[in-house]
Amino acid sequence: MAENQILSADAMPAGGQVTRFATPASTGGFGALRDITNQPAVRKALPALALTAAVGIAAISYFALSTPAQAPLFQGLAEGDKAAVADALQASGINYTLDPGTGALSVDAGKVHEARMLLAGQGLPKAMPSGDAVIASLPMGSSRAVEGETLRGAREADLARTIEAIDAVKTARVHLAMPEPSVFVREAREPAASVMLTLQQGRSLSEAQVRAIRHLVASSVPGLAADSVSVIDQSGALISSPTGNADQEMFQLQMQMEERYRQAVITLLTPIVGAGNFSVEVSADVDPSETQSTRETYPKDDRALRSEEGNKSTQNATTQGAAGIPGALSNQPPPASQLANTPPGQTTPPVNGEVQSEETYTRNFDVGREIAVTHQPQGNLRRLSVAVALRDVKGQKKPAAADVAALEALVKGAVGFNGERGDVVAISSRPFAESPEAVVNFWDEPWFFPLVQQVGAVLAALLAFLFIGRPMIKAVKARATEAKEQAEVEQKLLAATGQGQGQSRGAVPVTIEMIEAAPSYEARANLVRSFIRQDPERAALVVRQMIQERANG
């Protein structure tokens, strides 16, 4: 620690001994800062500096807390598209932030849609090039392999752009596996394709949409079957099921049948009992088996003559004379002739006095035949069950049995009730459990969080001003008051030394006690100057002695 040594005229001994007076010096950084703040110019500027610092702290707190939430604009952009998007946003006056970790562009949550519309109007981000552009960029003189790959890439790009036109699809990538035809291969491989879809947030594709995408790709590539097209989403899940899945098709058929009957009952009961006053459940028992039977029958007495062949011959039989003993018995006529069935090919022996005929025929008949084929496909409804619960409203009369029976008849007519099939329709009136009303908390409202941000920013600014700025202002005012008091004391000391009133030098000699009683550094410095003016020789002696001591030390 350095000490300023001042020689007092009153304490100067005759033998040259010097009486030392030590004034406290600034120590360390705080002392230097104190010395700076003790300067008159700095002391006068402290109130303005404190007020500026308080306002600055409040402003920083406000802007730090009132900054709106950031939302990602696009993710996974190429660096070229990212630079073009950043330039477009900057030119449009929309502030953006760049995540140093992921490189994603973010804007204010309230300006996401505005920024996207603005960029879409400028064609940003640039989509995948069309097939025409790919073909147009094909250089002349390319080999057949390069040309084939370029054409395949153009086809993939066109298919991807077509699939991206679906609302739920954000981006699409198509890969075609098309083997090269060769005359040296006996069994050529069939072409295949795979589609990678990135769906919009919170969206999904139905089974019909997936089948449509598969058929779209298959119809665009010659020789490609829909079963050979695989579709996956951004999570790697296969969303294209085989078309021949019988269980899945049967389940979908059952759900469709139940939904159709349910909608029929709901449409019927809504205008009668009112929406929300009933509940409907339908269960359809669908036969998943498929049967086919063939039956051949021959109807009785159902025949027709197709063809007939034969011949017929006749001849007269010879007459024999009377024979036997003459008399009554021998003269009687012969008995009546009897016809007998003669098998074909045999000749009936002639009878005396008759004409003999012979017939030979071959007849072919067609017999009637009936063939019936019965085919019963899958999805036959074996049994239908419908349950309807009516709501008993408090304070109202319970529905009568006749009313319930009338509703039951209406429901049976709506679903096509068949008692032989074993269908069941059950209607019951019961009180429903009261569902709690959905309570929307005010903090879930979209305006709450921005309001909290604004109010928090204002409170932070006020707290910063009250607990930081205001104490600083008070301290500055206190120091200003103290400085004013010190200035008055200095004026009095200067008046005592004769400087403030134009008195002659040395009118009041400066002593060590006066220097020690100085309230500030400035007053002490003035007293030291007065001491030097009133006795320069002694002051020079003091300076010389200080230099010698510093050199020896």
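Author: An axis here is a line fitted to C-alpha atoms, for helices over the stretch in contact, and angles run from 0 to 180 degrees between N-to-C directions. Two packed helices are described by the angle between their axes and the distance between the axes. In this predicted model, helix α8 (residues 246-273) packs with helix α9 (residues 401-415) at an angle of about 145 degrees, their axes lying 9 Å apart. The crossing of α8 and α9 is right-handed.

Reader: Which residues make the contact of α8 and α9?

Author: From α8 come Y261, A264, V265, L268, L269, I272 and V273, while α9 supplies L407, L410, V411, A414 and V415. This contact has 12 nonpolar residues, with no polar and no charged ones.

Reader: At what angle do α3 and α4 pack?

Author: Helix α3 (residues 79-92) and helix α4 (residues 112-121) meet at about 110 degrees, with axes 11 Å apart. Angles of 65 to 115 degrees count as roughly perpendicular, and therefore α3 is roughly perpendicular to α4. Their crossing is right-handed. V85, A88, L89 and S92 of α3 touch A115, L118 and L119 of α4; by class, the residues of this contact are 6 nonpolar, 1 polar and no charged.

Reader: Where does the charged end of R260 sit?

Author: A charge sits over a ring when, among other conditions, NZ of Lys or CZ of Arg is within 6 Å of the ring centre. The charged end of R260 sits over the ring of Y261, 4.5 Å from its centre. Likewise, K412 lies over the face of F417, 4.6 Å from the ring centre.

Reader: How many aromatic pairs are there?

Author: The count is 0 aromatic pairs, with ring centres required to lie within 6.5 Å.

Note on methods: Residues are numbered from 1 along each chain as its sequence is written. This is a predicted model: local features need pLDDT of at least 70, side-chain atom pairs count only at pLDDT 80 or more; totals for chains, interfaces and linings use all residues. Side-chain values use heavy atoms; hydrogens and water are left out. Rings of Phe, Tyr and Trp (its six-membered ring) pair if their centres lie within 6.5 Å; planes under 30 degrees apart count as stacked, over 60 as edge-to-face and the rest as tilted. A charge sits over a ring if NZ of Lys or CZ of Arg is within 6 Å of the ring centre and within 35 degrees of the ring normal. Helices (H or I, at least four residues) and strands (E, at least two) are DSSP runs, numbered from the N terminus. Angles under 35 degrees count as roughly parallel, over 145 as roughly antiparallel, 65 to 115 as roughly perpendicular and the rest as oblique. A crossing is left-handed if the near helix is turned anticlockwise from the far one by less than a right angle, and right-handed if clockwise. Contact means heavy atoms within 4.5 Å. Ala, Val, Leu, Ile, Met, Phe, Trp, Tyr, Cys and Pro count as nonpolar, Asp, Glu, Lys and Arg as charged, and the others, Gly among them, as polar.
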